[in-house]
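Hello,

Here is the structure I promised to pass on to you. Please open it next to this email, and I will go through what turned up.

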Amino acid sequence: MEFNEDVSLDTSQVQDMRGSGGGGIGGRVALGGGGLGIVGAILYFVLSQLGGVGGGVPLSTGDVSSGEQVNNSELASECKTGKDANTNHDCAVVAVINSIQGYWEDQFARSNLTYEQAPTNFFRGGVSTGCGSATSDVGPFYCPADSEVYIDLSFFQELTSRFGTQGGTFAEAYVLAHEYGHHVQNQLGTSNRVREGSGPTSDSVRLELQADCYAGVWANHATTTPASKGGKPLIRTITEADIASALDTASKIGDDYIQRELGGGRVDESQFTHGTSAQRERWFRTGYESGDPNSCNTFDTNNLG
């Protein structure tokens, strides 16, 4: 995955709450959550939160660092163009966010709708949100109460070190595009259709698979979507290896894979909240191959895969 070097980045779409230290991914955030072990915490944040906080359910509250002070000065000074995105991890994340939101702005406009931008909040350790307080254990999430995305960037290291994903910039882009898929659902009112919280055909699973599909739709258009600032796309190339890395990530965060590989080996379909590995791969691929958000209607099909 490469970025066009002469296209401007818009750091205003990110709120950097990591403090003056900055410095990109950094080390793994210490796990909280009342004594949960590493596997228990991973299971919790993936099964409960990865991909969004559905239905406005508050996150667990507790004593976490609020990190409320936003300071974008370092990000703004380091991340000016796509050239910076090709060499700086934080800038690459900014570029991906710009591209995702640029696509949805254009798509909404084509349907005579107005897309409302959602900021992504970079934090370390813990954060207070409109959905309550959260530690980094919950992984990246979208809060419908304040219409914002939250991520501790160390999560991307967890994906490779704990889940065994290939990783890479585009795998991270898939995660972010999935979160913005939830923002799209929130704006369109789709999130209100969630009634059943778990189960293989539950509304929760359908919501998550649709967000995977929306991520694939963006990926289809990523190299042709103009940046918010300027007429050229931010993303120059996406390779088959990039798509493979996204599918690999999807396969490692399916409910069945997590329960089997990290949860003791027993798969309990009644506890599914995000879909199986095969389903998550299928719906990302559906969006990517069609490039059409209308292909992502997971709520009105009897065949989730």
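A word that comes up at once is "buried": here it means under 20% relative accessible area, with exposed meaning over 50% and partly exposed lying in between. Please also keep in mind that this is a predicted model.

Which residues of β7 are buried on each side? Glu 148 and Tyr 150 are buried on one side, and Val 149 and Ile 151 are buried on the other, so both faces of the strand are covered. In a regular strand, side chains alternate between the two faces of the sheet.

The sheet

β7 belongs to an open sheet of four strands with mixed pairing, in the order β2-β3-β7-β6. The edge strands of this sheet are β2 and β6, each of which pairs on one side only. From one strand to the next, the twist averages 25°.

With strand β3 (residues 120-122), β7 pairs in the parallel sense over three bridges. Thr 120 has Val 149 as its bridge partner in β7, while Asn 121 has Tyr 150. Strand β6 (residues 141-143) runs antiparallel to β7, and three bridges join the two. There, Phe 141 has Tyr 150 as its bridge partner. β6 and β7 also form a hairpin with four residues between them, and in its turn Ser 147 has a positive phi of about 55°.

Helices

Helix α6 (residues 169-188) lies across β3, β6 and β7, and runs at about 20° to β6. How does α6 meet helix α4 (residues 89-110)? Their axes come within 10 Å and cross at roughly 35°, and the crossing is right-handed. On the α4 side the contact includes Val 93, Ile 97, Trp 104 and Phe 108, and on the α6 side it includes Ala 173, Leu 176, Tyr 180 and Leu 188. By class, the residues of this contact divide into 13 nonpolar, four polar and one charged.

A second pair of helices to look at is α7 (residues 203-221) and α10 (residues 277-290), whose axes come within 6 Å and cross at roughly 35°. Here too, α7 passes α10 in a right-handed crossing. Among the contact residues are Leu 209, Cys 213, Gly 216 and Val 217 of α7, together with Trp 283, Phe 284, Gly 287 and Tyr 288 of α10. This contact has nine nonpolar, six polar and three charged residues.

Helix α9 (residues 255-262) has a run of buried residues: Asp 255, Asp 256, Tyr 257, Ile 258 and Gln 259. Gly 264 follows α9 and has a positive phi, near 105°.

Two loop residues

Is Asp 10 buried or exposed? Asp 10 has a relative accessible area of 11%, so it counts as buried. You will find Asp 10 in the loop between β1 (2-3) and β2 (14-16), where its side chain is joined to that of Gln 13 by a polar contact of 3.4 Å.

Asn 71 sits in the loop between α1 (38-48) and α2 (73-78). The side chain of Asn 71 makes a polar contact of 2.6 Å with the side chain of Ser 73. Asn 71 also comes to 5.7 Å from Asp 16, C-alpha to C-alpha, although the two are 55 residues apart in sequence.

The chain as a whole

Stepping back, the protein chain has 10 helices and eight strands. Of its 305 residues, 55% are buried. What share of the contacts between residues at least 6 apart in sequence join residues at least 24 apart? The figure for this chain is 76%.

Best wishes

Conventions. Residues numbered from 1 in each chain as written. Predicted model: local features only at pLDDT ≥ 70, side-chain atom pairs only at ≥ 80, totals over all residues. Heavy atoms only, no water. Axes fitted to C-alpha atoms, helices over the stretch in contact; angles between N-to-C directions. Left-handed = near helix turned anticlockwise from the far one by under 90°. Contact = heavy atoms within 4.5 Å. Nonpolar A, V, L, I, M, F, W, Y, C, P; charged D, E, K, R; others polar. Buried < 20%, exposed > 50% of the residue type's maximum accessible area, 1.4 Å probe, protein only. Pairing = 2+ DSSP bridges. Polar contact = N/O pair within 3.5 Å; in protein donor to acceptor, adjacent residues only side chain to side chain.
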